[in-house]
Amino acid sequence: MSDIILEMKNITKEFPGVKALDDVNLVVKRGSIHALVGENGAGKSTLMKVLSGIHPYGSYSGDIIYNGEICKFSKIKDSEGLGIVIIHQELALVPQMSIGENMFLGNERGKPMAINWNETYAEADKYLREVGLAESSRTLIKDIGVGKQQLVEIAKALSKKAKLLILDEPTSSLNETDSQALLDLLLHFKEEGLTSIIISHKLNEVSYVADDITVIRDGHTIETLTKGIDDFSEDRIIRGMVGREITDRFPKRHDVAIGEVAMEVKDWNVYHPLYVGKKVVDNVSLNVRKGEVVGISGLMGAGRTELAMSIFGHSYGTDISGQLFLNGEEVHLKNVKDAIKHKLAYVTEDRKGSGLILSNPIRVNSSLANLEGVSNHGVIDAEKEYAEAVDYKEKLHTKCPTVEQNVGNLSGGNQQKVLLAKWMFTDPDVLILDEPTRGIDVGAKYEIYCIINQLAAEGKSVIIISSELPEVLGMSDRIYVLNEGRIVGEFTQQEASQEKIMGAILKSGK
Amino acid sequence: MNKNKVLAFVQKYTMVLILVLVVGFFTWRTGGKILLPQNITNLFAQNAYVFVLATGMLLCILTGGNIDLSVGSVVCFVGAIGAVVMDKGLNMWLAILIMLAIGLLIGAWQAFWIALVHVPPFITTLAGMLVFRGLSNVVLQGKTLGVANETFVRLFGGGANCYIPDIFGGQGMNILCLLVGAIAIVIYLVSTFTGRANRLKKGYEVEKLGATIVKSVIIALVIAFFAVKLAQYKGLPTAMIWVALIIGIYSYITSKTTTGRHFYAVGGNELATKLSGINTEKVYFIAYANMGLLAAFAGMLTIARLTSAQPTYGQNYEMDAIGSCFIGGASAYGGVGTVPGVIIGALLMGVINIGMSIIGLDANYQKVVKGLVLLAAVIFDVVSKKKQR
């Protein structure tokens, strides 16, 4: 036994079509706070899922050595049994239950047929005091704020006798005071010997709290910086996160004449549909011209999808205010149908969840947003529908035996093409593509980029929302940077660089 | 390869094969009685309400496995109203109009809560089941009320003369019935083969010629069989005409219209449908409003057949309808199911009903069997879905 509590060696994890982790190595010292940083999709969360047994032994290659022993976790309970406890970014608490009930959910005090509620609440109170909460454990989760909920999660982890605590973006939904309190709590536990791994995008917090920082990029470990030895400045960390060459992964656009403004949004505000008073989009103004490709960059949760969907016929949010101009004329789009009629298209980031009907054939999916286009007085012209589907299949080079193939059986790239076909068939002037290449392989990405260029060449306006910086940089004529619902930067293609965009995001954060 | 083909065939036609097996079983157990002309006639005449209700139920189930529990009570309530107004001497046509209007109104009432206020359909229609059962009792004051209007009874398939009269005056054989059967076969064959030729000409994919021929011959033989059997008894029951009409209309709506497509889309992926500019609330509304209308129609068939209205009519009708849909291949998750499938399901339910009655199985055991058949059908759906994932 040494002062190394955890070593992850040569971890490789593949999802169908994507290598999420490629030979990743991580060494965590006992009693330290170790930070993992990297862009969205770099593989940080996947690595932690491997560690906690969510991705069971056998689904990855490589070794996890914990306290000097090789571990083969097949489920979360296995890793928790050894004191490895993960707290996810999305809080996993049941709002209608009390703090005490939540804390021992699945780990109830007393006998299986007779829960000992007195013990439950007494113990829960004890752990609550440890994290500095004065609340009674009988309080319902929904009655306490998000900051306190995060502390309850930590108390819950302590109740599981955590030796190694993993926190995935613990401060992403907290305000400054709560974040500071949480970080100080982590430092306090460190004194008592608890080891923590913290995933965060907030580099100032990382430099404040961490002893070591490991940078992950595209599924590889790039470097590990150690406090006192290496430079811990934000710029230094950013360089590690984005230092990557943009090669010719992006097809060139030739001679596309950029025309007049096709769509303009002014002073756009959107509130969260459930949390009263939570502003998701904050005074955003932007525009896109004919034949122009505009990128919107930002971290997950920056409000990009919410902005796009609220523009697309108010399909997200409440109390939406602001003005929307299409070709210079102000329009009020009340619903999605209106938006489609005004030649707007929104291609969702979640093609399986909200884009396609997986159990239906390509033909049906292709025509769904424009059934009027293949029907007369409400009667579908089966032959026309078939012909259109085949037409788009050939135009976009969708690989499938026939258009009667169910979309669920296609690869991610081909599903994305069907989704694009569906929206191209509505003949839009402005297309908002939300993460158009998420989870698809490099070859299919290139084809999607070609389609985007083709659309621009036809004089359409394209907005690309993407978490991948190279994609935004490689494809856009102009880039808006969005953070916490606000536009925090605008760059032309010439000005923009990965460092500038990441800098704009990270420096705007609190 | 060959084994796979057989497996795929069995999977595609599971319910048809099971129907054949069940018919075979009852033919054996009843010594062929189930195939007597009178029983074949009853299969359609007695179960007309199942076909009608199951068609409406299919639309509800398509939206996402949602069911309507109130149909049995609505059948009874609308029937009760009809019987009362006709008893008061109201014109028959006006009475029909009133019944359909009330059905639609009840449907719209439930649809409002389900589609616009998002009350779960199970709860809304469970409430409707109680409300309209209670109101039926109130309207009929707990008693049986006869339906004396002879035209109404005959028109909707009740009494001894609810058959289309044979204009050719055939002896022992209803010639009109045979003629209708022959015409149906010709229409079916012509439309199948011209449709196939058309698709072939335009370069679309078509089924293999052999498969089409085999399928067409089987369907033609089945139609011919039923036509002969019905002709040997009293001819075409009027109720069957109504059933054919409704099945025809709803097959068309579900397979050929944008409205029909919307039902499948909502059940397949509601979020994607919403983001495609389709008003999903309207889809739910139509499903449940329409269910009310068809329940009213089934109510008319019921009081005509039984020539009376009673506060207990329509009990468990919802189960027959729901069962037919699931047995006929509708998915408990929504988005999958066809009207022809539901016909198979309803036929299977009908065969089981009649077969068990002929055998003289205790009514309580009949319920056990029907319940198990329904469970088996849904298990089949759930398990096969799981394998796909």
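Predicted model: local features only at pLDDT ≥ 70, side-chain atom pairs only at ≥ 80, totals over all residues.
Student: What makes the span of helix H4 of chain B close to the expected one?
Tutor: The expected span is 1.5 Å times one less than the number of residues. H4(B), residues 48-62, has 15 residues, and 21 Å is expected. From first C-alpha to last, H4(B) reaches 22 Å. Gly64(B), with a positive phi near 145°, follows H4(B).

Student: Why is H4(B) called mostly covered?
Tutor: A residue is buried if 20 or more other C-beta atoms lie within 10 Å of its own, exposed if 12 or fewer, and partly exposed in between; C-beta atoms are placed from the backbone. In H4(B), 15 of its 15 residues are buried.

Student: Why is H4(B) called oblique to H16(B)?
Tutor: The axes of H4(B) and helix H16 (residues 339-359) of chain B come within 10 Å and cross at roughly 140°. That angle makes the pair oblique. Angles under 35 degrees count as roughly parallel, over 145 as roughly antiparallel, 65 to 115 as roughly perpendicular and the rest as oblique. Axes are lines fitted to C-alpha atoms, for helices over the stretch in contact, and angles run from 0 to 180 degrees between N-to-C directions. Residues making the contact include Phe51(B) and Ala54(B) of H4(B), and Ile343(B) and Ala346(B) of H16(B).

Student: Why does Gln232(B) count as partly exposed?
Tutor: Gln232(B) has 18 other C-beta atoms within 10 Å, so it is partly exposed. Gln232(B) is found in helix H10 of chain B. Ala227(B), Leu230(B) and Ala231(B) of H10(B) are buried. The buried residues of H10(B) pack against helix H3 (37-46) and helix H9 (175-201) of chain B.

Student: Which residues is Gln232(B) in contact with, leaving aside its neighbours within four places in sequence?
Tutor: Pro37(B) and Met173(B). The C-alpha atoms of Gln232(B) and Gly172(B) are separated by 6.3 Å. Along the chain, Gln232(B) and Gly172(B) are 60 residues apart.

Student: Why does Asp23(A) count as partly exposed?
Tutor: Asp23(A) has 14 C-beta neighbours inside 10 Å, so it counts as partly exposed. Asp23(A) lies in strand S2 (residues 18-29) of chain A. Its phi is near 55°, positive in a residue other than glycine.

Student: Why does His314(A) count as partly exposed?
Tutor: His314(A) has 18 C-beta neighbours inside 10 Å, so it counts as partly exposed. Its phi is near 55°, a positive value in a residue other than glycine. His314(A) sits in the loop between helix H9 (304-311) and strand S16 (318-326) of chain A.

How values were computed:
Residues numbered from 1 in each chain as written. Chains lettered and ligands numbered in written order. Helix = DSSP H or I, 4+ residues; strand = E, 2+ residues; numbered from the N terminus. Contact = placed C-beta atoms within 7 Å.
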